[in-house]
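I opened the notebook to record what I looked up in this structure. The entries follow in the order I took them.

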Amino acid sequence: MSTPSTILTIRDLRTHFNTPEGLVRAVDGVSFELREGETYALVGESGSGKSMTALSVMQLVPRPAGFIAGGSITFEGRELVGLPPVEMRGIRGNDISMIFQEPMTALNPVFTIGNQLVEVIKLHQGLRGDKAERVALDMLDHVGIADPDQRLRDFPHQLSGGMRQRVMIAMALACRPKILIADEPTTALDVTIQSQILELMAALQSDLGTAILLITHNMGVVAENADRIGVMLDGKLVEEAPPDKLFASPQHDYTKLLLDAVPSMAGPTPHSELNTQNQELLQVSNLKQHFPIRKGLFQRAVGHVRAVDGLDIDIRRGETFAIVGESGCGKTTVGKCINRLVDPTTGSIRFDGHELADLKRKGLQPFRQRIQMIFQDPFSSLNPRMRIGATIVEGMRTHGIGMPADRTSRAAAMLERVGMEGDILDRYPHEFSGGQRQRIGIARALAVEPDLVICDEATSSLDVSVQAKILDLLDDLKAEFGLSYLFISHDIAVVRQVSDRIAVMYLGQIVETGPTRDVIDEPQHPYTRALISAVPRIEKDGRKRIVLPGDVPSPANPPSGCRFHPRCPHAVNACRQMMPALETTDNRRIACLRSGEI
Amino acid sequence: MTNLLNNWYVKDAIVAVVVGIMVWIGLMLSRREVWRSAMRQVFGRRIVRVSFAILALYTLIAVLDSVGYHQPLRNSDGSLRRHPETNRVIFDSDGRSLLDLLLTPLRNMEEKTYSAPFSATQFTKETLYDDEGKTTRGQPPLKHPRRHVLGTDRVGNDVLYLSLKGIRTGMIIGGFTTLLVIPFAILFGVTAGYFRGWIDDLIQYIYTVLSSIPSLLLIISFMIVFGRGLPQLCIIMGITSWTGLCRVLRGETLKLRELEYVQAAEAMGVRRARIMFQHIVPNLMHIVLITAVLSFSGRVLAEAVLSYIGIGVGADTISWGSMINDARQELARDPVIWWKLIAALVFMVGLVLPANLFGDALRDALDPRLRTE
């Protein structure tokens, strides 16, 4: 087979931005080629310029601040830089299409899916009326949307995130473009939905022969889907190689650093020794949190969202316990129930021998010190109008920790312990990066000397190299301060790295729980198996990806019997009628009627 | 109460408080880097600097006009007049202000009646007696010819002087009402949004009822009960207008209370009052500031409308609204007497336009939704 011909050539591309702080070189001399029918992946951390490269190809750099300062982009021999907007519009959509990260904002909320699809077809294929609608139906069918007739009449908000992304792909591929630019196409999606979309993109690519420019920060996605990879750092392409070569022998220091930081799904789990002797710190039993759905004139409750529906966990002293699950499974609500940001509907939360579930505001006060929380978004978890020092001292003052005169120096010492300078007390949060803010959030939590720290997606919004450092820090602090962690995350690779025991949640219930090593390396519940197989990973381990059909059902109207049966490949009749209980096997507890058979 | 409210000293005290609070807010904000950088952005545009200079000039005039004193009465020989029994010095019952003192020449340039701007003669004709005692109809010469920049009114007062005196009234209406409204709007809006539940229902009920009464009717009935006057007008305009800001602040609080830093404070066990005033209110201040500046100009205009329909400040208070009200008859004459109306309008626009420009610039700099990042 001859080498496929080059379809897109980028030479020394420089895209710059004028900002009040001066010129920012977002893309600074990038050169690469995209060949027919291949997938070229640009990877890098936030701010590396990978998205700006894509927008430059589309000639969609935000004006007037951004501009292409130099270089050339040739598509099939045509120079795109400086092409008049009219001609560029002819290329966009017809020859080069783009899909974005957030499918909700990319679709217009006030038009039906049908309206928007037909508009694209009219514009690019010149078809009208019934003909256009038939093409639209075909397209939805093609991207694997069930019941496309009905979906055409739906509005974007009626579709799940995965379905919206399928619609976006259908629109982008409507005119059989030669190039599809996918900017973080699965980042906003859950891991089981992500594997559906990646599968779909691969199938369409082999059908249509489209070249894909894949932009992502996820090394696993890259490893499994790209033919060639370009690693970006600070607007420059620092290394380019096929995946096998890149992962086996990375050349550039930054690539090595990046690959080291990616939490691994292979090899021994770092936390394997079981500390069953330790006494229990937290016992949650039969926890339920039902949020009423109110409707009508008198706001009567017409139903309940069963966010958490009968949950039992226990955390021992000095242990890291993880709850994993996809969005909407109720894992965040569990965290909020435990530190009583919400009032649980029923159930018991025993913390160090005290029942928390029915304590009022006043009675909870001592536990507000002993249970602390680290939040997901470092940009909204610090009050932008409060100095760092005031933020950290506030908790100490609330709980009367230390002498008033010493608190500032304690805050400074705590900041130094989490790896910040101690002299930043008088500065404001906006002066710090995401990782630094997360360190400040950790300092705030630890300054009041807690016993249990709930980390709710504490590293999800950080770049992978920063994430690795924060995870190391949390691990160091655990031993030093005698902490226990409740780690809530959707990221199985991270959880595998940090936790001693793990509980997998699906629709408000635990489906499988046990020591991390056992559960992740030998999952037994069908959902856990699919979830873990869907995690994109760098290591080639010959595993087969189990792609689950459909979406997670709504917790307002959960399926009868086993909650997982509509998507379960092993479901039998009994699964539709009987809800399985968590049953103890040798080393774990599992909620599946067929756990012995499959 | 009416007497008390109409007391000159009370109004002066109000102005002192208003100016004091504004200066205090300015000082507080200037200590915060966030605001300093926002202000640098605001003042980066020339039109804003010009607007601010004009506003500062208006404020200066209003302050000068609010430092009041009473002149002692004198006998014809120049000695102080004293009370025959108590032997106390008797003061003029009319108060004077520093502005009056500065404008003494302007104030004393009284004519008999109307005269056009820069005219040498009176506007109306009179029977004139010449040296021989013959009578003719004609326009008599003015006492101060060609020196009335904006003409004179019916009783011969200089219109420029009246317009300048109107500044204080306008500033009090705009500034005092705004400062009256803000604490209530913040307190009720944040309380409703933060506590939700029955407190929210109650506060929403109050402001929904209040805003469903036509505000003009409410103002009229209030002014009839408590009498016409500047403080009464400020109070009732405050009562009818806090609901708008309150509603916005409630909505914003609903959003902020779900943010992670408020949740973090909540999980830390920080007292609720502290969460409200330390974590929520400072993050609402940009909305308050923008609304304050933009509604300031609305209130100045509202005073004109209310005085025009005869329920504004009393007849004894010089205001642009009452000047416009006077102009109603003057415009019905032929030839038209236009200068009083025009003077009032020019001075009013001179205050409202810079205030609006300044408010827009503040919004551009402070409202995160308008930022293009």
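Is A:D309 buried or exposed? I looked it up: A:D309 is buried, because its relative accessibility is 8%. Buried here means under 20% relative accessible area, exposed means over 50%, and partly exposed lies in between (1.4 Å probe, protein chains only).

**Ground rules.** I am working with a predicted model, where local features need pLDDT of at least 70, side-chain atom pairs count only at pLDDT 80 or more, and totals for chains, interfaces and linings use all residues. Residues are numbered from 1 along each chain as its sequence is written, chains are lettered from A and ligands numbered from 1 in the order in which they are written, and side-chain values use heavy atoms, with hydrogens and water left out.

**Salt bridges.** I counted a salt bridge where a side-chain nitrogen of Lys or Arg is within 4 Å of a carboxyl oxygen of Asp or Glu. Over all chains there are 42 of them.

I went back to A:D309 and found its partner, A:R306, with 3.8 Å between the closest N and O atoms. A:R306 is partly exposed at 31% relative accessibility.

Next I took A:K178 and A:E76, whose side chains form a salt bridge at 3.8 Å, N to O. The two residues are 102 apart in the chain, and the pair links distant parts of it. A:K178 is in the loop between α7 (161-172) and β7 (179-183) of chain A, and A:E76 is in the loop between β4 (66-75) and β5 (78-79). I use DSSP runs for these elements, numbered from the N terminus: helices are H or I with at least four residues, strands are E with at least two. A:K178 is partly exposed at 34% relative accessible area. A:E76 is also partly exposed, at 44%.

In chain B I picked B:D364 and B:R45, a salt bridge with its closest N and O atoms 3.7 Å apart. B:D364 lies in helix α15 (residues 339-366) and B:R45 in the loop between α3 (33-42) and α4, so the pair ties together parts 319 residues apart in sequence. Both ends are partly exposed: B:D364 at 39%, B:R45 at 42%.

I also noted a network of salt bridges that links A:D314, A:R316, A:E319 and A:R501.

**Chain B overall.** I listed 15 helices and four strands. Of its 373 residues, 45% count as buried. Its C-alpha atoms fill a box of roughly 100 × 60 × 40 Å along the principal axes.

B:A365 lies in helix α15 and is buried at 1% relative accessibility. Its C-alpha atom is 9.9 Å from that of B:F43, 322 residues away along the chain. B:V18 is in helix α2 and is buried at 9%. B:V18 and B:T178 are 160 residues apart in sequence, with 9.5 Å from C-alpha to C-alpha.

**Cavities.** How many cavities of 30 Å³ or more does the structure hold? I found eight. A cavity is a set of points on a 1 Å grid, over the protein atoms alone, where a 1.4 Å probe fits but cannot get out; lining residues have an atom within 4 Å of a point. Volume is the space filled by probe spheres set on the points, which are joined across faces, edges and corners.

The largest cavity has about 100 Å³. Its lining includes B:V18, B:M22, B:S66 and B:R168. Helices α2 (8-30), α4 (46-64) and α7 (159-195) of chain B each give at least two lining residues. The largest share, four residues, is from α2(B). By class I noted eight nonpolar, two polar and one charged. Nonpolar means Ala, Val, Leu, Ile, Met, Phe, Trp, Tyr, Cys and Pro; charged means Asp, Glu, Lys and Arg; the others, Gly among them, are polar.

**Backbone.** Most residues other than glycine have a negative phi, and most peptide bonds are trans. I logged some exceptions. A:R340, not a glycine, has a positive phi of about 55°, and is buried at 8%. B:R146, not a glycine, also has a positive phi of about 55°, and is exposed at 56%. B:D334 and B:P335 are joined by a cis peptide bond, with omega about -5°.

Methods:
1 Å grid on protein atoms, 1.4 Å probe; cavity = no way out; pocket = protein on both sides within 12 Å on 5 of 7 lines; lining within 4 Å.
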